[in-house]
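Good morning, and thank you for the time. I shall present one structure today and take its parts in turn.

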Amino acid sequence: MPAPRKAAPAHPIRVLIAKPGLDGHDRGAKVVARALRDAGMEVIYAGLRQTPEEIVRAALEEDVDLIGLSILSGAHMALFPRVLALLKQQKAGNVPVFAGGIIPDEDAQRLKKAGVRAIFGPGASLEEIVATAQKLARRRA
Amino acid sequence: MSEPARLPAAARAILRGDRRALARAITAVENGDPAADAILGAIYPRTRGVPIVGLAGPLGVGKSSLINALISLLRASGRTVAVVAVDPSSPFSGGSVLGDRIRFEGRATDTGVFFRSMASRGAVGGVAAATLEAARLLDAAGFDIVLVETVGSGQVDVAIREIATTRVVVLVPHLGDEVQTLKAGLFEIADVFCVNKTDLPGADIAQRNLRDLVVQGRKTEEWATRIVGTSTTQPNGIDALWEAIEAHERYLDASGERARNERQRLSTEIVGLVRDRVGRELAHELEHDPELRGLLDQVIARSLDPRAAARRLRLAVRRTE
């Protein structure tokens, strides 16, 4: 009986969900975390009031495939580019970052140019968010 | 010395203190990636056998907060700490929410701490094996103490028994009536009981119940199970908790039990690794090997019983070895 080595089994996508900055509203982030869990992902929920440094540190220690940032405070133009810059500095610029929250269209355009891979506003469906997360994580792997 | 040059690059990076390499190696272990074999093989001689302190207990008793408090205490005395926090995977979707990092605050730049969340991932590979190997990588990377946090139930509970050198069972007041403390399982594995949230009423009763119903009369040759009260909001009793853990670690050395436990643990680990590997291969064969698939068909058709099929499968494996 030959013993062929099976290919390594597909592993769950690991995603970090974090809220940078000072707003205290994380219901949206929690709903997204749950949807990603139900889609079979391992969601590291870092919680509220994270600095960009803490977020990048968590992403590297947890070796995630993907980072999701939620923000409602309006500080996205300061905090998101900082996260992207720190990731690059740590040679982890290939870890995709997506975002959700209250982000005006023109800011969204600029953030996408800066490297945020997808941005979801109010009314985005969970199906859409899950599908995008899957696509982003797969492309990296 | 030319020996380090022969080590795989990833192992060299881990021994050098490269946190990214460490994180990736833990992922390889979790995923059953064959690349982990070479890394684990290379770092094993460099492991020192650092204390692995397991904190087990039901959801919401404050394990993550206690870990955060212990990290502060240990860092203040100059010791480095790694944490492996295990949360359950959904048996339905395979997904999980790993939320233990929430209490891990204000440590953006402290390289003396490493925090990793792990999902239990059901039966695949076994959470005990992955946690133990992750702890070994953290040991080789130079951390002085590894803290492992798990929900104390089912398979994960077994994991803590198998891998931790000191087992802390964390409880809170009013968790249930006295009969709960008599049930088999979690209450039996404790080297230290931690009654957390002593700021709540009933903490003294909980501690007394543990003393009267669990600890007293237990067959303890030498180690008398300690009961410690803590509160992380005040905070209170954290130093006493650590002192109890250290006392148990000292006891392990003084009594020779550390060596005995390690022998037992490694034996269990080696047999477990073989069982997992052989089991996976056999499951694959049974589905895909033309001859063996017939075996399964016969069992389905009731012309062969599962035990007889297992005997034939074992013979088939022996023939090919």
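Let me begin in chain A, where strand β1 (residues 14-20) runs parallel to strand β2 (residues 42-50), joined by six bridges. Strands pair here if DSSP finds at least two bridges between them. Helices (H or I, at least four residues) and strands (E, at least two) are DSSP runs, numbered from the N terminus. Within this pair, Ile17(A) has Tyr45(A) as its bridge partner in β2(A).

Before I go further, a word on the source. This is a predicted model, in which local features need pLDDT of at least 70 and side-chain atom pairs count only at pLDDT 80 or more, while totals for chains, interfaces and linings use all residues. Residues are numbered from 1 along each chain as its sequence is written, and chains are lettered from A and ligands numbered from 1 in the order in which they are written. The model has an ipTM of 0.88 and a pTM of 0.88. In chain B the average pLDDT, the predictor's confidence in each residue from 0 to 100, is 86, and 88% of the residues score at least 70.

To which sheet do these strands belong? The order β5(A)-β4(A)-β3(A)-β1(A)-β2(A)-β3(B) describes an open sheet of six strands with parallel pairing. At its edges stand β5 (118-120) of chain A and β3 (96-98) of chain B; each has a single partner strand, so one side of each lacks a neighbour in the sheet. On average, neighbouring strands of this sheet are turned by 20° against each other, direction ignored. For such angles, axes are lines fitted to C-alpha atoms, for helices over the stretch in contact, and angles run from 0 to 180 degrees between N-to-C directions. Helix α2 (residues 52-61) of chain A packs on this sheet and touches β1, β2 and β3 (66-71) of chain A. The direction of α2(A) makes about 170° with that of β1(A). Contact between two residues is taken to exist if their C-beta atoms, placed from the backbone, lie within 7 Å.

I turn now to the boundary between the chains. β2(A) pairs with β3(B) in the parallel sense over three bridges, and Leu98(B) in β3(B) is the bridge partner of Ile44(A). How many residues does each chain give to the contact? Chain A gives 30 residues and chain B gives 34 residues. On the side of chain A that touches chain B, the elements that give two or more residues are α1 (27-38), β2 and α2 of chain A. By class, that side of chain A has 15 nonpolar, four polar and 11 charged residues. Here Ala, Val, Leu, Ile, Met, Phe, Trp, Tyr, Cys and Pro count as nonpolar, Asp, Glu, Lys and Arg as charged, and the others, Gly among them, as polar.

Chain B also has a sheet of its own. Seven strands form this open sheet, with parallel pairing, in the order β4-β2-β5-β1-β6-β7-β8. Its edges are β4 (113-119) and β8 (226-229) of chain B, each with a single partner strand, so one side of each is left without a neighbour. Inside the sheet, β1 (residues 52-57) of chain B pairs with β5 (residues 145-151) of chain B in the parallel sense over six bridges, and Val146(B) in β5(B) is the bridge partner of Ile52(B).

Ile129(A) lies in helix α5 (residues 126-140) of chain A. Beyond its neighbours within four places in sequence, Ile129(A) is in contact with Val32(A), Ala35(A), Phe120(A) and Ala124(A).

Asp63(A), in the loop between α2 and β3 of chain A, has a positive phi near 50° although this residue is not glycine. Asp63(A) counts as buried, with 21 C-beta neighbours inside 10 Å. Lys91(A) has a positive phi near 60°, but counts as exposed, with 9 C-beta neighbours inside 10 Å. Finally, the peptide bond from Gln234(B) to Pro235(B) is cis, with omega near -25°, and Pro235(B) lies in the loop between β8 and α9 (238-255) of chain B.

Methods:
Buried ≥ 20, exposed ≤ 12 C-beta atoms within 10 Å, placed from the backbone.
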